[in-house]
Amino acid sequence: MRIEQLEYLTAITRLGSMRRACEALHVSQPALSQTIGNLERELGVTLLERHRTGTRISSGGRELLPLITEVLDAVHRLRAAADAQARTRSMIRIGTVNAATVPLVAPAMREFHTAHPQTQVELVATQQADIYEALRGGGLDLGLINIMDGDDLPPDVAAVELLRGRAVVCCRTDSPLARLEAVPLDRMFGEPFIAMRSGYLMHRLIHRLTDGRPPAFAYSVDGAEMGKVMVAEGLGVTLLPDYSVTDDPLERSGLITHRPLAADAADVLLVAQYARTRHLPQPVRRLVRILKAQAARCRRER
């Protein structure tokens, strides 16, 4: 006996017809009939009387209905208690490469906290390979990483696209590069370059664009946030996805800006990832929906 069998029977009784129950439950009439038929065979009781004019609960079904209602009420109380316990005690661990943290993740965290005030969230800044490994092993519930359009993803990791953009040159607003419509590679490398360390997508993209030819002088940093701070301090320029710079507090304050790169480069995507083989708790599913909604708002504002 399955809970859905009891729920289907009470829906037919409540709504008064098989057709209306199918519409409310979003199941086909053959599937609904088969489910009730299986329950009747298991109980040895005819639960529904089927006539040309419609279907209604039998006398035997009416006798069992109070007991069925008690079972469903108990199931609902159990689910509510489990959800409340999960909200009280759970923690979500998110691995991130720190791209689009301010325009995407920070607003999503505010909305998520309103919906799940007791659920703790731990943001772990690390590299893409470490995020993959932790997702597989259960050390992380969710990963936020950058990939290039066309990258092959591990088959055991599901990906939800959040943002899609282009690589842009991030520079100070008073930099000569800010006056250009688009920045050639040699002009970008004519400035001190703030490179992402090996293991980050933008490190791989730079090597693809330049065939491994390094800039004349470069810093090496962990992640976009430190790169933007160094740009704001006048230490050089860097290459980032446009969605990592747009609406950043440093951009809003007028310290940094970005210009297109005068070179062909693949689209850069920010995706949310989770392990296909692991159960995704309800708060994590809710967070993914919030991230998708916030990403849609970011796209409209760009």
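How many bridges join β6 to strand β12, and do the two run parallel or antiparallel? Eight bridges join them, and the strands run antiparallel. The model is predicted.

- Five strands form an open sheet with mixed pairing, in the order β4-β3-β5-β12-β6.
- The edge positions belong to β4 (120-125) and β6 (157-165); each has a single partner strand, so one side of each has no neighbour in the sheet.
- On average, neighbouring strands are turned by 25° against each other, direction ignored.
- Within the pairing of β6 with β12 (residues 268-275), V160 has A272 of β12 as its bridge partner.

**Helices on the sheet**
- Helix α6 (residues 128-137) packs on the sheet and touches β3 (91-96), β5 (142-148), β6 and β12.
- The direction of α6 makes about 140° with that of β5.
- Helix α8 (residues 201-210) lies across β5 and β12, and runs at about 10° to β5.

**The α1/α2 pair**
- The axes of helix α1 (residues 3-15) and helix α2 (residues 18-25) come within 8 Å and cross at roughly 125°.
- The two helices are therefore oblique to each other.
- The crossing of α1 past α2 is right-handed.
- On the α1 side, Y8, A11, I12 and L15 make the contact; on the α2 side, M18, R20, A21, A24 and L25 do.
- Sorted by class, this contact has eight nonpolar residues, one charged residue and no polar residues.

Definitions and conventions. Residues are numbered from 1 along each chain as its sequence is written. This is a predicted model: local features need pLDDT of at least 70, side-chain atom pairs count only at pLDDT 80 or more; totals for chains, interfaces and linings use all residues. Side-chain values use heavy atoms; hydrogens and water are left out. Axes are lines fitted to C-alpha atoms, for helices over the stretch in contact, and angles run from 0 to 180 degrees between N-to-C directions. Helices (H or I, at least four residues) and strands (E, at least two) are DSSP runs, numbered from the N terminus. Angles under 35 degrees count as roughly parallel, over 145 as roughly antiparallel, 65 to 115 as roughly perpendicular and the rest as oblique. A crossing is left-handed if the near helix is turned anticlockwise from the far one by less than a right angle, and right-handed if clockwise. Contact means heavy atoms within 4.5 Å. Ala, Val, Leu, Ile, Met, Phe, Trp, Tyr, Cys and Pro count as nonpolar, Asp, Glu, Lys and Arg as charged, and the others, Gly among them, as polar. Two strands pair if DSSP finds at least two bridges between them.
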